[in-house]
Amino acid sequence: MYNNYDKYPKIKIENFDNQIIKGYGSICNFLKKRLKKQKTIIVIDMYPGVDENEIINGFKELNIDYFFNSNKCALSGKELTEKISDYLTDDRVFGVINHKKLDHYFKSDLIENMKNEINNINEGIILLYGVGAGLITKGDIYIYADIARWEIQNRYKNGMSNWNIENSNDEFKSKYKRGFFFEWRISDRHKKNILNDIDFLLDTNIKENPKLLSGNDFRKGLEQASKKPFRLVPYFDPGVWGGQWMKNVCGLDKNKDNYAWAFDGVPEENSVYLLYENDFIEIPSVDIIYYNPINLLGNRVHARFGHEFPIRFDFLDTMGGQNLSLQVHPLTEYIQDNFGMKFTQDESYYILDAKEGSEVYLGLKEDINKEEFINDLKTAEKGQKSFPDEKYINRFPVKKHDHFLIPAGTIHCSGKDTMVLEISATPYIFTFKLWDWDRVDLDGKPRPIHIEHGKNVIQWDRNTKWVEKNLINKIENIKNEENYVEEKTGLHEREFLETRRHWFTGPVLHETFDSVNVLNLIEGEEAVVKSIDNSFEPFIVHYAETFIIPASVKKYIIEPTDKTKGKRLATIKAFIKR
C-alpha cells in the first residue's frame with residue numbers, strides 16, 4: 001500500500017508584488033508606514049469565528065486611539081435567535097438555509113450613529129473591527145480577516161460561541177447548525193461583495209500567528225488558482241464507525257482510535273494554501289469560486305449552480321470499523337421545500353478497498369410491507385428491539401473498484417471493512433439516518449435519527465431487481481486505445497454527475513467538457529497532470545489524492561511519472577453531464 005499522500009498541498013502563485021507579513025508585531029510595523037498624519041481609519045472586517053480579542057490585543061501596537069466594534073450595531077444574541085428561529089428550527093441537526101444578507105441583521109440607525117461618530121473624530125488612529133465592519137465604512141485601510149471552516153468547527157468544539165451570542169456550553173451540533181444555516185450564509189454573501197475592495201487579507205487560522213497579504217496579491221492568487229490543477233487541504237475526523245485504512249495510506253496519527261471521514265474534495269468545507277515563494281496563506285477554498293466562478297466551474301455549470309461547487313469527493317473508512325448508519329437522502333423537491341437547498345445529495349460509493357466478506361446495503365427487498373418497515377424502525381429508535389435489517393434491506397458483496405450508484409431516495413449504507421470514495425453532489429449535511437445499529441455517538445449521546453423525514457423520501461420501488469439493474473457496476477466501455485481504456489461508470493440518470501474511469505499505462509488526453517473536473521488517483525503510486533499549451537507546470541498527484549481541474553483548462557494530459565512508467569494506473573473523474 002502506498003503512503004505518499006500529501007496532507008499539506010499548496011497552490012504556487014507566480015508574479016506577485018509583495019511578501020506575506022507574519023505576526024502582529026511585523027504587521028503593525030508595516031501598517032504604521034501607511035498611517036496618515038492627522039486621522040486614519042483602520043477597518044478589520046471579519047468572518048464569524050475570528051477571535052476579536054486576539055485582533056484587539058494584536059493591533060494595540062499601532063497605539064489605537066479609538067476602538068469601535070461593529071457587533072454593537074447588530075442585533076443582540078437574543079434578538080438574532082428570535083429572528084432566525086424559523087431557519088434554525090427545533091431539529092437537533094437540520095435547519096433551513098438563510099437567504100438574507102448580512103445587513104438584514106444590523107440596525108440601520110446604529111450603523112448611521114457609529115458612522116457619524118467616526119466621521120466626527122478629527123484626529124487619531126481609529127480601529128473599527130468585527131463581523132460586518134465594512135457595512136459601516138471601508139475606512140482608509142480595509143482589512144478582511146478570514147478563517148477556514150474546519151478551524152471554526154475546531155474552535156466550536158473547544159468552547160467558542162457563535163457570532164454575537166454567548167453559547168459556549170452548547171453542544172457542537174447546535175453551534176454547527178447555527179453556523180451552517182445562518183452565519184456562514186450571510187457572511188459568504190458579504191465576502192463576495194467585498195473581495196475587490198479589500199486592501200489586505202488577514203489569515204487568522206493559527207492563533208496568535210496571523211499572516212497579512214495585500215489585496216492585490218490575494219486576488220492574483222485566486223485568479224491563478226482558477227486556471228490550473230490544484231488540491232484542497234484535507235482534514236480527517238474520527239467517528240463511531242471509523243476504521244484504520246487512512247492511518248496508513250494518509251499518514252495519520254497511529255495513536256488515534258480511528259478515522260471515519262476524510263474531506264479532501266469538499267470546497268465548502270476545505271481550505272487551500274496559496275504559496276507565495278517561501279510562505280503561504282490559508283483561505284477557505286470557496287474564495288476561489290466567489291472571485292472567478294466561470295474560470296473554475298465553466299460557463300454552463302456556473303449558469304446552473306451559480307457560486308455553488310456541485311461536486312464532492314470524500315472518504316468513508318470502515319476498514320476494521322463498523323457499518324455506517326442506515327440512511328437515505330432527500331429528493332430534490334423535498335430538500336427545496338423543507339430546507340431551502342437548490343439541489344440534493346445524489347451520490348455513489350466507489351470502492352477503493354475492501355476485505356473479504358464486506359458488503360454494501362443498498363435498496364429494499366422485494367414486496368416488503370411499508371407499515372411494518374416504519375414501525376420496526378420506530379421500535380428500534382426507542383430501544384425496544386433491534387431493527388431486523390436482514391428482513392428489509394439488500395446486501396451486496398463488494399470488491400475493490402466496484403462502483404455503486406445511489407440516487408436520492410435510495411436506502412443505503414456502507415458495511416464494515418470497506419474503504420469508500422464517496423462521489424456525490426454537495427449538500428452533504430442532509431442525511432436522514434433511519435437506524436444506527438443500537439449505538440451511541442462519540443459524545444455518548446444517541447446519534448440523531450430522522451425516520452419522519454426518511455419515510456417521506458424513500459423510493460419504495462427501488463427493490464432488489466431494480467437495484468441490480470440500475471445501480472451496481474454500470475460500466476460502459478467508451479474507448480480502447482493503445483495506452484488507455486476509458487469507461488463510463490455512472491452515475492444514474494437522475495443524477496447530474498457523470499463519472500469516467502481511465503486505466504492507463506501512457507498519456508491520456510482529457511477534456512473538461514466545459515465543466516470543472518474532480519478526479520482521484522484510484523490505482524498506482526503517482527501520476528502527473530500536464531498542460532497542452534504550457535499554461536501550468538506539471539502537477540504531481542499521488543495515490544488516493546483528490547484533485548480539481550478548472551473548466552478553463554479545457555484539455556489536459558494525465559500520464560505516469562518516471563517512477564510509475566510502464567505500470568497500470570487509474571483515475572476516476574466526475575463532471576457535470578452535458
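**Briefing: buried faces and charged pairs**

In helix α1 (residues 24-32), the buried residues are Y24, I27, C28 and L31. Seen down the axis of α1, these buried residues fall within an arc of 100°, so they line one face of the helix. The model is predicted.

**Helix packing**

- The cover over the buried residues of α1 includes strands β2 (21-22), β6 (141-146), β7 (200-203) and β8 (211-214), along with helix α2 (52-58).
- Helix α5 (residues 108-119) has twelve residues. From first C-alpha to last, α5 reaches 16 Å, close to the 16 Å expected at 1.5 Å a residue.
- I111, M114 and I118 are buried in α5. They cover an arc of only 70° around the axis, which puts them on the same side of α5.
- An α-helix has 3.6 residues a turn, so residues three or four places apart point the same way.
- β3 (39-46), β4 (66-69) and β5 (124-131) are among the elements that cover the buried residues of α5.

- E282 sits in strand β12 (residues 279-284).
- E282 is buried yet has no salt bridge. The nearest side chain of opposite charge is K211, 7.8 Å away. A salt bridge requires the nitrogen and oxygen to be within 4 Å.
- The side chain of E282 does make a polar contact of 2.6 Å with the side chain of S271.
- Leaving out residues up to four places away in sequence, E282 touches A148, D203, N205, S271, V272 and Y273.

**Salt bridges**

- The count comes to 39 salt bridges.
- E171 and R92 meet through their side chains in a salt bridge (3.0 Å, N to O). E171 lies in the loop between α6 (149-157) and α7 (172-194), and R92 in the loop between α4 (85-88) and α5, so the pair ties together parts that are 79 residues apart in sequence.
- E171 also forms a salt bridge with K445, with the closest N and O atoms 3.2 Å apart. This pair links distant parts of the chain, 274 residues apart. K445 is in the loop between β21 (432-435) and α16 (451-457).
- E171 is partly exposed at 24% relative accessible area. R92 is partly exposed at 27%, and K445 is partly exposed at 38%.
- R500 and E498 form a salt bridge between their side chains (2.8 Å, N to O). R500 is buried, with a relative accessible area of 9%. E498 is buried at 10%.
- Salt bridges that share partners join K173, D436, R439, D441 and R447 into one network.

Conventions. Residues are numbered from 1 along each chain as its sequence is written. This is a predicted model: local features need pLDDT of at least 70, side-chain atom pairs count only at pLDDT 80 or more; totals for chains, interfaces and linings use all residues. Side-chain values use heavy atoms; hydrogens and water are left out. Helices (H or I, at least four residues) and strands (E, at least two) are DSSP runs, numbered from the N terminus. Buried means under 20% relative accessible area, exposed over 50%, partly exposed in between (1.4 Å probe, protein chains only). Lys and Arg count as positive and Asp and Glu as negative; His and the chain ends are not counted. A polar contact is a pair of N or O atoms within 3.5 Å; within protein, one must be able to donate a hydrogen and the other to accept it, and residues adjacent in sequence count only if both atoms are side-chain atoms. Contact means heavy atoms within 4.5 Å. The arc is that of the directions from the helix axis to the C-beta atoms. The expected span of a helix is 1.5 Å times one less than its number of residues.
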